[in-house]
Amino acid sequence: MTAGWNVLGGCLLIFVLLRCFLHMTQDATEPLIVACGIPFFTPIYWMFRKKTNFYVWLRYHLPIYTLRLPGVRMYVVNSTTLITAVQRQNKLLAFAPIKVKAAIRLASPSKATINILESEAFGEIGSGEYANMFHKAIQTQLSPGSVEFQDMALASRQERMFGLYQWIREDMVMSITNAVYGPGNPFKYSYVREGFWEFESRMMYLLLGLSALAKGSIRARETIVESFRRYYASNGHRSGAGITRTRYEYNAKNQIPLEDIARFELGGMVALITNIVPTTFWVVYHIYSDPALLEACRNEVNGETCETNDPEGRKLRTICLSGLENSCPSLMAVVKEVLRLHTVGTSVRRVMEDHMLSGKYLLKKGSIVTIPGQVQHSDKAIWGQDAGQFNHERFLTPARHIPPSAFRAFGGGVSLCPGRHFATSMILAFTAMLIMRFDFVPVRGTWPRPTTERAGAWEVTPQPDEDIEVQIGFRNIGEKHQRWAFSLF
Ligand code: HEM
């Protein structure tokens with residue numbers, strides 16, 4: 001009995017001491033602390049419970065607030081005015097240290113490479129030159145039309161019934177990686193494809209520095225790295241897209257050894273594959289589950305498709321990629337609405353020096369600033385009462401002014417996603433080809449919207465928890481033998 005009282009008393013004492021510590025170490029001009037019921041523990045507990053929904057669930061109607069986590073302060077920015085202020089201070093509130101740390105944990109490069117990256121990103125200058133210039137170097141290689149993707153394996157399938165997400169995933173991974181890595185694409189080997197998903201499944205633990213919990217991911221990583229080491233050593237990148245050559249050359253110029261170039265490509269793969277695939281799934285899901293929308297999108301894409309004969313006299317149907325973006329308003333509106341409703345990306349910055357944000361809020365050196373996109377995307381004051389529903393028409397006939405910083409599917413400021421044009425083209429092209437050629441009927445007769453509770457906290461577009469079994473049929477007789485292609489204009 002006495003032992004029980006002692007434990008209780010001890011807990012109470014620790015609780016009181018922690019509360020005192022919290023308040024004594026919080027400056028009056030810092031943003032207000034929230035979620036501090038049990039200091040340091042409460043925010044961690046809810047982050048693990050709520051995962052990607054954490055910030056929306058917490059949704060404080062404060063322009064900015066502080067979360068005190070063990071060892072670090074996190075300032076969460078809600079107001080669009082403050083978001084702009086954060087994005088303007090790209091030296092004091094820097095992205096480079098964050099991405100360097102993530103790259104090191106994910107790829108586990110050599111000590112020499114870590115020194116190069118860390119001395120720049122965390123040093124006196126805090127310039128993060130390697131990391132920032134890398135972004136610039138690859139940006140032009142990802143501009144509209146810079147990567148060609150003629151290769152979509154859609155027609156070659158024999159099955160008549162399958163999981164829609166799995167099917168999209170397999171097809172897109174091959175289309176994307178063939179376009180980017182060229183004929184030597186290591187993803188043509190099933191062990192690399194399987195290894196990639198194994199690596200991805202416990203990636204969060206690697207990002208958190210908990211590698212003991214990510215043994216399978218580490219094994220898969222080493223297999224992938226070895227196949228990419230061979231790819232670069234045999235000059236496979238020279239026949240890849242400009243983005244692959246540029247990434248290689250940029251790293252080589254910065255004295256990054258070949259083995260580490262192969263390791264850093266893991267980050268490239270994650271960026272390339274893991275967001276495009278689920279985003280495409282949600283686009284396809286919303287279109288096929290609404291017959292009127294499917295019809296409208298088909299009519300639009302039909303207007304951007306022309307029929308010619310190839311040199312052997314066979315019919316060739318060509319979809320114009322720029323037409324999809326510029327002359328298919330419903331299709332484009334679906335993509336934007338999916339990005340608004342389904343993405344949960346968070347922009348993260350490190351505070352390099354004490355800084356008074358907008359002359360009002362003290363941000364302390366070494367803290368983290370985060371801007372959760374989902375909070376903006378679900379704000380009824382910005383998007384209207386139906387902000388929680390899928391309604392692509394809000395992008396067809398905008399009834400209200402949307403501040404640019406409130407649409408954050410691709411982040412913003414210095415870290416604005418350089419792959420956004422490539423991703424958009426890829427999603428549009430894949431969906432256009434699919435709706436022109438195939439009908440899908442859900443095996444269960446309806447299109448229930450899958451949940452995303454099991455998605456990893458790092459996923460920008462969460463994957464569905466369960467797949468949707470569908471039956472596939474060609475839309476037209478003779479479609480099986482129809483030839484299809486894409487043109488840029
Ligand atoms: C639907 C697809 C995609 C979505 C939703 C997406 C979203 C994002 C978001 C939210 C960020 C963080 C921005 C910030 O912190 O403010 C980001 C950054 C980034 N994305 Fe994407 N992305 C997509 C596709 C791609 C693709 C295809 C690539 C590359 C080929 C790519 C490469 C990157 C890179 C390298 C960064 C870091 C930027 C930097 O270094 O400053 N992304 N993306």
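Biologist: Over residues 32–48, how far apart are the end C-alpha atoms?

Modeller: Keep in mind that this is a predicted model. UniProt, in an unreviewed entry, places the feature "transmembrane region" at residues 32–48. In the model, that stretch is 47% helix and 0% strand. Its end C-alpha atoms are apart by 22 Å.

Biologist: Which residue in the turn between E1 and E2 has a positive phi?

Modeller: E1 and E2 run antiparallel and are joined by six bridges. Leu 69 sits opposite Val 72 of E2. The two strands make a hairpin with two residues between them, and the one in the turn with a positive phi, about 85 degrees, is Gly 71.

Biologist: Which residue in E10 is the bridge partner of Tyr 75?

Modeller: Here we look at strand E2 (residues 72–77) and strand E10 (residues 368–372), which pair in the parallel sense over three bridges. The bridge partner of Tyr 75 in E10 is Val 369.

Biologist: Let's turn to the helices. Is the crossing of H14 and H17 left-handed or right-handed?

Modeller: H14 packs with helix H17 (residues 329–342) at an angle of about 115 degrees, and their axes are 9 Å apart. As for its hand, the crossing of H14 and H17 is right-handed.

Biologist: How many nonpolar residues are there in the contact of H14 with H17?

Modeller: On the H14 side we find Thr 279, Trp 282, Val 283, His 286 and Ile 287. They meet Val 334, Val 335, Val 338, Leu 339 and His 342 in H17. Sorted by class, the contact has no charged residues, three polar ones and, for the nonpolar class, seven.

Biologist: Which helices each supply at least two residues of the shell around the ligand?

Modeller: There are 24 residues around the ligand, and Gly 345, Ser 347, Gly 411, Cys 417 and Gly 419 come nearest. The helices that each give at least two residues to the shell are H13 (258–273), H14 (276–288) and H21 (420–437).

Biologist: And how many residues of that shell are charged?

Modeller: Twelve residues of the shell around the ligand are nonpolar and eleven are polar. The number of charged residues in the shell is one.

Methods
Residues are numbered from 1 along each chain as its sequence is written. This is a predicted model: local features need pLDDT of at least 70, side-chain atom pairs count only at pLDDT 80 or more; totals for chains, interfaces and linings use all residues. A residue is near a molecule or strand if its C-beta atom, placed from the backbone, lies within 6 Å of it. Helices (H or I, at least four residues) and strands (E, at least two) are DSSP runs, numbered from the N terminus. Ala, Val, Leu, Ile, Met, Phe, Trp, Tyr, Cys and Pro count as nonpolar, Asp, Glu, Lys and Arg as charged, and the others, Gly among them, as polar. UniProt positions are given in the numbering used here, feature names are shortened, and annotations may be inferred rather than shown by experiment. Two strands pair if DSSP finds at least two bridges between them. Axes are lines fitted to C-alpha atoms, for helices over the stretch in contact, and angles run from 0 to 180 degrees between N-to-C directions. A crossing is left-handed if the near helix is turned anticlockwise from the far one by less than a right angle, and right-handed if clockwise. Two residues are in contact if their C-beta atoms, placed from the backbone, lie within 7 Å.
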